[in-house]
Amino acid sequence: MTQTTLDEVSAQATTPDTMKAHADTVDAEEFARARKQRLDKIGTWAMPVIVVVLTVFAWDQIVRINEIPHYILPGPGRVFETLINDWSVLFNAWTITMAITIMALLVAVLGGAGLAILFTQSRLTEMALYPYAVILQVTPIVSIAPLIFIYVESKLVGLLICAWLVAFFPVLSNTTLGLNSADHNLRDLFSIYKASRWQRLRYLQLPSALPYFLGGLRIAGGLALIGAVVSEYVAGTGGIGSGLAFTILEAGYRLNIPRMFAALFLIAVTGVVIYAILSVISHLLLRKWHESAIKREQ
Amino acid sequence: MGDTGTPLLSLTGIDKVFGRDIVALSNFSLDVREGDFISLLGPSGCGKSTCLRLIAGLMQPTSGKMRWSSPEASEGLGVVFQEPTLMPWATVEDNVFLPLRLMGKSKSSVLDDIYSSLAMVGLEGFEGAYPRALSGGMKMRVSIARAMVTKPKLILMDEPFAALDEITRFKLNNDLLTMQAQLGCTVIFVTHSVFESVFLSNRVVVMAARPGRVIEELAVNAPYPRDEVFRTSADYAAHCRAASEALKAAMGDVPH
Ligand SMILES: Nc1ncnc2c1ncn2[C@@H]1O[C@H](COP(=O)(O)OP(=O)(O)O)[C@@H](O)[C@H]1O
Ligand SMILES: [Mg+2]
């Protein structure tokens, strides 16, 4: 057998003559395309930066020109000052919120993925438990939280449960979807080779589910933070071990608006960073093979 | 070969009914002998895929008998689908390793088999590539290498080249015959191309739809190895004409 594959043959089919005839237009097109790509590349970074800078500038100008007092709307400079001056208070609160978020996310990932695997292994378990998962998901956390804080002694554990409840469903539903989305021909192939349940899970279902799971994880990361913050609003009273939500509440009572903004800023930045980290993890795991992580050449 | 080979598998009076009244196969009989290259040729919906799925053990016939010459003959047969059906997350090497892995072999113990299977389909040097980097024809080659890596007695192929361009298809047809000769395996090949079936097979089974059944079996007695000379011969043309006539009869039965 000759080693030239057909694909090489077809690649050679375009003769130099025809190529020459189109050379000029191809050059022009290529140039335009390269230009567009360069603009795109700059744009992805420059546009957000420009928009943020303009917004902050406008905010500052509005506060200055209208002489708005800082207990109504502090300017960006003032918020930044507060961030530095109140750093120890804010940082302590941030650590608490972060700890709850990360733990809730971890438990959500383990619980959600674990439950999804259990569901695919046993239809009966799925039928029995799935309704509860849905009910927990569709019931707003703010309406369950007060109950949880009645039954659970430790406030930290209560917050953790709330954050987990919010975060785990996307992991569960996405992973379940992924585990069931394996190519049907591949499934047949596994049957033909008499794959065991474990082999099917390990070599077919889990890899098929990975992109779906990672999609769920990205959503769950944001939701865990939201769950941690929202349930702290419900939990109300502070004391030791209060997170950023309580800082905002307390600052509100004292009309310390700059601190409210500073805490809000921290929450937003944290959310963005969590999303970015999870996106990078997802990209690293999928870049070799999954469409979502592969940049197509135009 | 044909009439003289040792029997490998025989299907007798097979019926397959889906639901209440979809008769996918009706009174289907086929004796497969070792070394055969059998093409199942027919319009879509005539039960070709159903037939392969029955043989692969993916479903059971509604009635009729299926007998293997020996229990081992049914073990680890190779299958190639119309789509390459590769695992996108695994390299070419790991895709070809899959059947052996599922049989509980360790990779280091079968590395030689994997490499020789890849060499046979002309893909040396692509071991570490991911499927998405390959063209349609190359993906199909990986799929064939995977089917052959266990050195099966019987390989089932369901329209494997239907989605490829004609030049690629001709090339793969040639190579497939070479590989069959090397492995000494038996092939059941589903196609709706008259030319492909005549070029490849020693037996062409023409089927009709509604209900799916065998209309005629044609013997193509031209000797192997076959090459481009055969493809342009009068003998080949005559066989193609005969198969076309049979196929026309099969299609003419039922309004379309
Ligand atoms: N799993 C199934 N359930 C119901 N009907 C089916 C199923 N598989 C195939 N059929 C029907 O059986 C007939 C034969 O199908 P198939 O074997 O796929 O034909 P072919 O491969 O020749 O195109 C068709 O009418 C098809 O709709
Ligand atoms: Mg078919």
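Analyst: In chain A, helix α8(A) passes α10(A) in a right-handed crossing; a crossing is right-handed if the near helix is turned clockwise from the far one by less than a right angle, and left-handed if anticlockwise. As for who's involved, α8 covers residues 155-179 and α10 covers residues 197-235, and the two pack at an angle of about 150° with their axes 6 Å apart. The axes are lines fitted to C-alpha atoms, for helices over the stretch in contact, with angles from 0 to 180 degrees between N-to-C directions. That angle makes α8(A) roughly antiparallel to α10(A), a label used over 145 degrees. The residues of their contact split into 20 nonpolar, nine polar and two charged. Here Ala, Val, Leu, Ile, Met, Phe, Trp, Tyr, Cys and Pro count as nonpolar, Asp, Glu, Lys and Arg as charged, and the others, Gly among them, as polar.

A word on ground rules: this is a predicted model, where local features need pLDDT of at least 70 and side-chain atom pairs count only at pLDDT 80 or more, while totals for chains, interfaces and linings use all residues. Residues are numbered from 1 along each chain as its sequence is written, chains are lettered from A and ligands numbered from 1 in the order in which they are written, and side-chain values use heavy atoms, with hydrogens and water left out.

Zooming out, chain A has 12 helices and zero strands, going by DSSP runs (H or I, at least four residues, for helices; E, at least two, for strands) numbered from the N terminus. Buried residues make up 37% of its 298 residues, buried being under 20% relative accessible area and exposed over 50%, with a 1.4 Å probe and protein chains only. Among chain A contacts (heavy atoms within 4.5 Å) with a separation of 6 or more, 71% are between residues 24 or more positions apart.

Further along chain A, Leu255(A) sits in the loop between α11 (244-253) and α12 (257-286). Leu255(A) has a positive phi of about 55° although it isn't a glycine, and its 55% relative accessibility counts as exposed.

Key. Parallel < 35°, antiparallel > 145°, perpendicular 65-115°, else oblique.
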